[in-house]
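These are my notebook entries on a single chain. I record below what I looked up, entry by entry.

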Amino acid sequence: MTVREFVKDRIFLLMLHLCCMLLLAGFLHATGYSAEYTFLILICWALIAIVSLGFSCYRKRKYFRQMEKLLLRVDQRYLLGELMPEPVSLEDSIYRDMIRVSNKSAIEKIRGIEEEKREYREFIEGWVHEIKAPLTGISLICENHRGEETRRIAALNQRMEALVELVLYYARSDEVYKDYMIRKVSLQEVVSGVLARNKYDLIQNQVTAEVRCEEFVYTDEKWISFILSQLVINSVKYRKENGACIRFYTEKQDRSVCLVTEDNGIGIKGEELSRIFEKGFTGSNGRKKERSTGMGLYLCRVLCGKLGISISAKSKEGEGTQVRLEFPVGDYYAREESEIPNLTNL
């Protein structure tokens, strides 16, 4: 609150003081008071009004500055009503009580929503674990009775498993920190494992894969496998009819390691490229090909953000798409393991 704002807010009171002073001056002049005494009385009145308004402005500014500083320090700003300093006036006290009542209602509503969200997430996680059993059974049956039909069933079953996994990871995306396990990971092994899990889909759609990933990074293997699975699924979904191929390779930089996924698919329109990581965005390709939820790449972006990985994409319509995952490498992790001292021998 500035002085100008305070004066503007009190303009009616100032005009009232001015009018009363003029009326008093007229009355004193009419009753025969000398001009000197009249002027002295008006000066005293003006000084008293200025001091009173100035003190009120000082208290108000001090009070609101305290609240502004408090608001900047508090993460959960809806708790401001409970932390407000002692009011300087009855009006402010009434406002504080009203804000507290409003905030209490909002907090209760938020807690109710969080409880509903928690119960819903627990239900989804339980459902996912329950449905994994029959999906695994279908996969085993297909493995034990190999043939053209069972291969097609296995490919469809693999797609269902990917969709179920998508649901599970979406339900857990807000609480990734509860499932962290950061360790040294071979990107070659991770990519090979992802391709093995999606082999039926790759074989059925005649998509070949090339892997040349020699680097190691520190990350969570399970979460990065999910991200790469979504990239593989998209490459298969938006492939060209003949000669479809996916390439995985790494690029080592000064402070990072980049894992690059390239395909020679139908590509993405230039005007849509900046939106592919948005929640629910399907684009023109998603409408032409198959039903698309627009959640796969969105989840990839969310999980990469949680893991501290940078994700970006390049594409040219009709030529293919390139997605880059950039893993940061700190000074400690950049050193070879042989250079890290053995603390047990110190």
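Where does G270 lie? I find G270 in the loop between β5 and α10 (283-288); helices (H or I, at least four residues) and strands (E, at least two) are DSSP runs, numbered from the N terminus. The model is predicted, so I note that local features need pLDDT of at least 70 and side-chain atom pairs count only at pLDDT 80 or more, while totals for chains, interfaces and linings use all residues. Residues are numbered from 1 along each chain as its sequence is written, and side-chain values use heavy atoms, with hydrogens and water left out.

**Entry on G270.** G270 is exposed, at a relative accessible area of 59%; the cut-offs are under 20% for buried, over 50% for exposed and partly exposed in between (1.4 Å probe, protein chains only). The C-alpha atoms of G270 and E317 are separated by 7.4 Å, although the two residues are 47 residues apart along the chain.

**Entry on the whole chain.** I counted the elements next: the chain has twelve helices and seven strands. The radius of gyration is 34 Å, well over the 20 Å that the globule rule gives for 346 residues, so the chain is more spread out than a compact globule. That radius is taken over C-alpha atoms, and the rule is 2.2 Å times the number of residues to the power 0.38. Along the principal axes, the C-alpha atoms fill a box of roughly 120 × 55 × 40 Å. I also note that 36% of the 346 residues count as buried.

**Entry on helix α5.** Does the span of this helix agree or disagree with its length? Helix α5 (residues 90-144) has 55 residues and should span 81 Å at 1.5 Å a residue; its end C-alpha atoms are 81 Å apart, which agrees. The expected span is 1.5 Å times one less than the number of residues. The buried residues of α5 include R96, I107, I124 and L135.

**Entry on the core.** I then looked up the largest nonpolar core, which has 45 residues; such a core is a set of buried Ala, Val, Leu, Ile, Met, Phe, Trp, Tyr and Cys residues joined through side-chain atoms within 4.5 Å. Among those with the most contacts inside it are I227, L228, F248 and L259. Elements that each supply at least two residues of this core include α6 (148-172), α9 (221-237), β4 (245-252) and β7 (320-328). Leaving aside neighbours within four places in sequence, the contacts of L259 (heavy atoms within 4.5 Å) include L187, V191, L228 and F327.

**Entry on S229.** S229 is in helix α9 and is buried, with a relative accessible area of 5%. Beyond its neighbours within four places in sequence, S229 is in contact with V194, R197 and N198. I read 8.1 Å between the C-alpha atoms of S229 and A162, 67 residues apart along the chain.

**Entry on T321.** T321 lies in strand β7 and is buried, at a relative accessible area of 13%. Apart from neighbours within four places in sequence, its contacts include T261, D263, I268 and K314.

**Entry on Q206.** Which loop holds Q206? Q206 lies between α8 (199-204) and β2 (208-212), and is exposed, with a relative accessible area of 62%. I note a phi near 55° for Q206, a positive value in a residue other than glycine. Most residues other than glycine have a negative phi.
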